[in-house]
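Visitor: I would like to know how the terms used for a structure are decided. Please take me through them one at a time.

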Amino acid sequence: AEKKGGLASFIVSLYRFYKDLHFAYLEINPLVMLSDGTVVPLDMAAKLDETASFICAQKWGEVDWPPPFGRAAFPEEALIREMDGR
C-alpha cells in the first residue's frame, strides 16, 4: 500500500510537470521502484511543444531546437549525429 502511494504521487507529479512545461510527448521506459518506495526513471524521451514558447520560454531556459523538417543539416550537426550513432 505504501508503494502504491509513492507511485501514485510520482504519477501525479509527473502529470503536473508535463502540463506545466507544455510537453508534446513524454516517455519513460523503464521505470523502477526501489525497496524504499522511491520511483526512479531510468530512461526518458521528451518533446516540448515549441508553440508554447511564449508561455514557457522562461521556465525552459535556453533550448537548442532541432532543424526544421526538410532542411539539410549543417556539417557540425551531421558530425554530431554521426558520433551519437556510434
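Guide: Start with a pair of charged residues: Glu-82 forms a salt bridge with Arg-86, the closest N and O atoms being 2.7 Å apart. This is a predicted model, in which local features need pLDDT of at least 70 and side-chain atom pairs count only at pLDDT 80 or more, while totals for chains, interfaces and linings use all residues. Residues are numbered from 1 along each chain as its sequence is written, and side-chain values use heavy atoms, with hydrogens and water left out.

Visitor: Why is the pair of Glu-82 and Arg-86 called a salt bridge?

Guide: A salt bridge needs a side-chain nitrogen of Lys or Arg within 4 Å of a carboxyl oxygen of Asp or Glu. Glu-82 and Arg-86 have their closest N and O atoms 2.7 Å apart, so the term applies.

Visitor: What makes Arg-86 exposed, and what is Glu-82 called?

Guide: Buried means under 20% relative accessible area, exposed over 50%, and partly exposed in between (1.4 Å probe, protein chains only). Arg-86 has 72%, so Arg-86 is exposed. Glu-82 has 46% and is therefore partly exposed.

Visitor: How many salt bridges does the structure hold?

Guide: The structure holds three. Another joins Lys-59 to Asp-20, with the closest N and O atoms 2.6 Å apart. This pair links distant parts of the chain, since Lys-59 is in helix H2 and Asp-20 in helix H1, 39 residues apart. Helices (H or I, at least four residues) and strands (E, at least two) are DSSP runs, numbered from the N terminus. Glu-77 also forms a salt bridge, with Arg-71, at 3.2 Å between the closest N and O atoms.

Visitor: Which class do Lys-59 and Asp-20 fall into?

Guide: Lys-59 has 47% relative accessibility, so Lys-59 counts as partly exposed. Asp-20, with 39%, is partly exposed.

Visitor: Why is the pair of Tyr-18 and Phe-23 called what it is?

Guide: Rings of Phe, Tyr and Trp (its six-membered ring) pair if their centres lie within 6.5 Å; planes under 30 degrees apart count as stacked, over 60 as edge-to-face and the rest as tilted. By this rule there are two aromatic pairs. Phe-17 and Phe-23 have centres 5.3 Å apart and 40 degrees between the planes, and their pair is tilted. Tyr-18 and Phe-23 have centres 6.1 Å apart and planes at 15 degrees, so their pair is stacked. Phe-17, Tyr-18 and Phe-23 form one aromatic cluster.

Visitor: How do you know whether Phe-23 is buried or exposed?

Guide: Phe-23 has 14% relative accessibility, so Phe-23 counts as buried. Phe-17, at 36%, counts as partly exposed, and Tyr-18, at 26%, is partly exposed.

Visitor: What makes a nonpolar core, and which residues are in the largest one?

Guide: A nonpolar core is a set of buried Ala, Val, Leu, Ile, Met, Phe, Trp, Tyr and Cys residues joined through side-chain atoms within 4.5 Å. The largest has seven residues: Leu-21, Phe-23, Leu-26, Leu-48, Ala-52, Cys-56 and Trp-60. Strand S1 (23–28) and helix H2 (53–60) are the elements that give two or more residues to this core.

Visitor: What does Phe-10 touch, leaving out residues up to four places away in sequence?

Guide: Contact means heavy atoms within 4.5 Å. Phe-10 touches Ile-28, Leu-31, Val-39 and Pro-41 once those residues are left out. Phe-10 itself lies in helix H1 (residues 2–20), and Leu-31 lies in strand S2 (residues 31–33).
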